[in-house]
Amino acid sequence: MAERVVLAYSGGLDTSVAVKWLGENMEMDVIAVAVDVGQGDDFDSIRRRALAAGAVESVVIDARSEMADEYVAPAIAANALYEGRYPLVSALSRPVIVRHLVAEARRHGAGSVAHGCTGKGNDQVRFEVGIRSLAPELDILAPARVWGMTREDCVDYAAKHSIEVEATKEKVFSIDENLWGRAIECGEIEDPWSSPPPEAYTLTRQSRNEPLEVVIGFESGVPVSIDGRQMNLAQLIGEIGAVVGSYGWGRIDMVENRRVGIKSRETYECPAALALIMAHQDLESLTLERDLAHFKTLIEGRWAELVYDGMWFSPLKQALDAFISTSQAHVSGEVRLALAPGVCQVSGRRSPVGLYDHGLATYDEGDTFSHADSAGFVSLFGLSVSTWAARQGIAVPGSGQ
Ligand code: ARG
């Protein structure tokens, strides 16, 4: 019996060519595994294409709820934006896929797992580090890193082997999409100065003009409702993305530092991700105690970096998760978003467990703040500086003294 390999299959050009190539060059039986993380593809057609390309088996797994509840929810809690901007769309989906690849490899008695990534990107890192974290005994194959074919060669190879693909030799965008957003790379936008053409965008085309307010409800850091309607997270992300996107809001255009050292021009549209992280961050401003809030921001960037780097299952990531999860206990309440063409901003927040105390904050009647306490507090707060100033004096910049 031929050796079995589980291939992460997307239905696109590279992974379809990989099915054939692994059979021809490695004499392996390929089990194609397609994981639905909300990319909106036709999975019946993907299943058919895998078999037509020569897979001995084609498996489709619906992991949309899993992706939302176990991967996106922690990312919202962490306000996760790589380099302050990218909500980790592709990075969050890879560990979901990895988990299923490993499970399918065990179920089918496969000794290796293959992916279609090239050597230039982050996704190879995420797949391989992820697989090694969960199943160090599995071999990893990356045919696209060794076959030495250009995109055009792949199109020719597919044609020669009658592999059904939609790709053409024309330079088009490389798209990776899931329920958290859409990444658009390659083609004419490889030049960081070129403006992305309007047709590059699909989730953020403006179709609405009239201003609108929507209220997002959170429980312990997790978005649970829109305008009071409770729903599961996958559904909520879909709904909020559609409405925010219809105002033409949610695009990111950046030069990003890949793990492998390349700077890359990236274009994203992530209306749901950016709106929900903004709302969540705002609710934290109302519900987190000051020291906790400040300390949390110190680890948020590191969390995003770990996930970007494919370290989803690492011990540091797990330890940070424990901290973040504890911090979310009281992040419950509502945030109102105001939408208009090209605009999405917070216009209000409230929480039954909020720390905002009107009596303490007000300058009007009903003031409960102890003004007399401030004199002593401020004096002691500045004591070390006033002691230093009295002993050593201070040269005031620009005063010539
Ligand atoms: N630069 C983004 C990331 O590393 C997007 C990657 C998109 N992946 C793809 N295979 N087109 O997460």
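Reply: Two residues are taken to be in contact if their C-beta atoms, placed from the backbone, lie within 7 Å. Of the contacts in the protein chain with a separation of 6 or more, 74% are accounted for by residues 24 or more positions apart. The model is predicted: local features need pLDDT of at least 70 and side-chain atom pairs count only at pLDDT 80 or more, whereas totals for chains, interfaces and linings use all residues. Residues are numbered from 1 along each chain as its sequence is written.

The protein chain has 401 residues, of which 36% count as buried (20 or more other C-beta atoms within 10 Å of the residue's own; exposed means 12 or fewer, and partly exposed lies in between). The chain contains 14 helices and 14 strands (DSSP runs numbered from the N terminus: H or I of at least four residues, and E of at least two). Its C-alpha atoms fill a box of roughly 85 × 55 × 45 Å along the principal axes.

The largest nonpolar core holds 88 residues (buried Ala, Val, Leu, Ile, Met, Phe, Trp, Tyr and Cys joined through C-beta atoms within 7 Å). Those touching the most other members are V5, L7, A32, V33, V72, L88 and V307. Helix α4 (residues 89-107) supplies the largest share, 8 residues. Because domain 1 (4-160) and domain 2 (177-350) both give residues to this core, the core lies between them. These bounds come from an automatic or database domain assignment, which also gives domain 3 (358-392). The centres of domain 1 and domain 3, taken over C-alpha atoms, are 59 Å apart.

Leaving aside residues up to four places away in sequence, V307 touches A80, L88, A91, L92 and W312.

Two helices can be described next. The axes of α8 (residues 233-245) and α9 (residues 271-287) come within 8 Å and cross at roughly 100° (axes are lines fitted to C-alpha atoms over the stretch in contact, with angles from 0 to 180 degrees between N-to-C directions). Helix α8 is therefore roughly perpendicular to α9 (65 to 115 degrees; under 35 is roughly parallel, over 145 roughly antiparallel, and the rest oblique). I237, I240, G241, V244 and G245 of α8 meet P271, A272, A275 and L276 of α9.

By way of contrast, Q318 in helix α11 (residues 315-327) counts as exposed because it has 12 C-beta neighbours inside 10 Å.
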